[in-house]
Amino acid sequence: MSAAADMHEVPQVPTTRASGRWVKAFRTPSGIVGLVLMAVVTVLALLAAAGVGQDPAAQNVSEALQGPSASHWLGTDQFGRDIFARVCSGLANSLRVALVSVTVAAIGGVLLGILAGYYQGILDRVVGVITNVLFAFPSLLLALALAATLRRSWLTVAIAIAVVYLPIFARVARGPVLTLRHAEYVLAATAVGRSRLSTLFEHVLPNILGILVVQITLSLSWAILTEAALSFLGFGTPPPAASLGGMVYAAQSLTSVAPWMLYAPGAALILAVVGLNLLGDGLRAALDPRGANQ
Amino acid sequence: MEGVGLLSAASSLSHRVGAVGRHPVARRAGEAALTLIGVSILTFVLLRVVPGDQITAAYGTAAGDLSPEQLQALEAYYGVNEPLLSQYLGWLGGVLTGNLGVSATSQLSVLSMTAQSLPNTVELAVLAIVIGLGLGVPGGMLAASRPGKARDQISQLTSLIALSVPSFLLAAVVSSWLVNTIGWYPNGEGYRTLSEDPALNLQQMLLPALVLGISIAPPILQTTRAAILTVRSEDYVRTARAKGVSGRRLQVRHILRNALIPVVTMSGLQFGFLLGGALVVEQIFAIPGIGRQVLLGLEQKEYAVVQSTVLVIAVMFVLVNLLTDVIYRLVDPRVRVQ
């Protein structure tokens, strides 16, 4: 019993070191800037989701297409709706879709990848084929075909994006599992009578956490871009809900009279994606052992 | 259900192919063939579960007024009451013999529509790759020349920002700026193919190719930078230096030539992506390419068009990736030895 307990103490050591590396990630310049950008974006989105500020859907035709002013910080659109409120609400929509899709993709993909890598055999081959098939479509095209197939709502858009990114997580998780399943501490845990499955999740999962976190951050930025592209094409989050891609689409024909309609959602989109990419950069530098040498 | 059976059957098939043809290219080809079977199943299933089947799509709201007998007759006509497996095999048989279906709106066959749209997309993809390489390779060389220094950080930051700007936004900003300030917008006129009017065609292709080129430059830049840094520390470069080779000759013949191998692979991957992923840019600049054919099909609820076109794109994607792999083996003798 005490031997088993000792075995469990061993992985604690790298955990404390790992937490030090987490802090390091936020000390790199890109990590700090990314963190600040994401904090701003998240606060704006949360305020919009909580209903603080102007109503993003309230129309007022007498105030249509006005430039930025004290009452409308980023101006109004063709229906007189406040663009600042719509940008914040659009950010909330982007984050909601990105979080749901990446969570589903990460959990599903990691589960499939770990099981395939650990048990191998027919399961591994079937997962391999499914991964290859999903990779055979350009990602936006697959998301588009899926989103067009399902009934249009923000949730179906999130699911379509999740299916596209699921194979990436399966691949990311499978590789390390192939080497880890022969690692001594995994064999030791099995030897002291732990079931294979609990060994898998207690010892293997923490070891791929670093790669996963980087992958999740980058996937969040891709998911935001994919949702925006789908909404721009008219297959994303349905109106009247505000979506950044849909706002850019609506602004296109009005750029000569109301350029702020294009620049406001565009800037919000870039800030969110740049923020996530910088955050991913900082995390990669701190968590990826190969990145440490550069 | 049928899909899973076919998958595992095909899986054991590819395994046997892999066992017989030990050659890695043969194994990759077997894998690609298996992937294509999966792709055809997914494409088929995806568009058969669309809410509102082909009958509602073809007849619109009038479909609700059909009598049960009429509905049955139509179902028999479209073959939707047959088992899914025989529908799939019938469709696949048609596809393999070049029958990709017919558009109900234009009465054109999908094959002839694709024959018209594909060259436009390929032209756009080639131009975008040229621009992407023109921006990415020098940028990567510049970044790698002083790693960690200002020029490296600036080019890394630029590529991170370029990666973060969605192509549709860049396209919308660039085109609105051109129209509003200098009033030049060649895409406003009807599209002309390269053979019809080369001068106008190239003007119309310029902006979309630039937007796509900018969006694929960052991965090319990163690949070039990483490859140069790796090659620079190779033994043969040190040997060349020791022999007295230096300057441009060392940079170009010993470092760049070897560093370009992964860049070729990355360009191949990007080219495959551009064949299907250019649909947003094609839509904005009204380029009648294969991506726009999918979008138009979705708008008009022409699922036969969407289904076949998506399949064509996926097949090309798989083939381009396979070809990239083969080219990689040809240009890098080390891979062949392994």
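Visitor: Where does UniProt place the feature "transmembrane region" in chain A?

Guide: The unreviewed UniProt entry places it at residues 31–52, 97–119, 126–148, 154–173, 204–225 and 260–280 of chain A. UniProt positions follow the numbering used here, feature names are shortened, and annotations may be inferred rather than shown by experiment. This is a predicted model, in which local features need pLDDT of at least 70, side-chain atom pairs count only at pLDDT 80 or more, and totals for chains, interfaces and linings use all residues. Residues are numbered from 1 along each chain as its sequence is written, while chains are lettered from A and ligands numbered from 1 in the order in which they are written.

Visitor: What is the helix content of residues 31–52 of chain A?

Guide: Helices (H or I, at least four residues) and strands (E, at least two) are DSSP runs, numbered from the N terminus. Residues 31–52 of chain A are 86% helix and 0% strand, with end C-alpha atoms 29 Å apart. For residues 260–280 of chain A the values are 100% helix, 0% strand and 30 Å.

Visitor: How many residues of chain A are in contact with chain B?

Guide: Two residues are in contact if their C-beta atoms, placed from the backbone, lie within 7 Å. By this criterion, 31 residues of chain A contact 40 residues of chain B. H11(A) supplies the largest share of the chain A side, 7 residues.

Visitor: How many helices and strands are there in chain B?

Guide: Chain B has 15 helices and 0 strands. Among its contacts between residues at least 6 apart in sequence, 71% join residues at least 24 apart.
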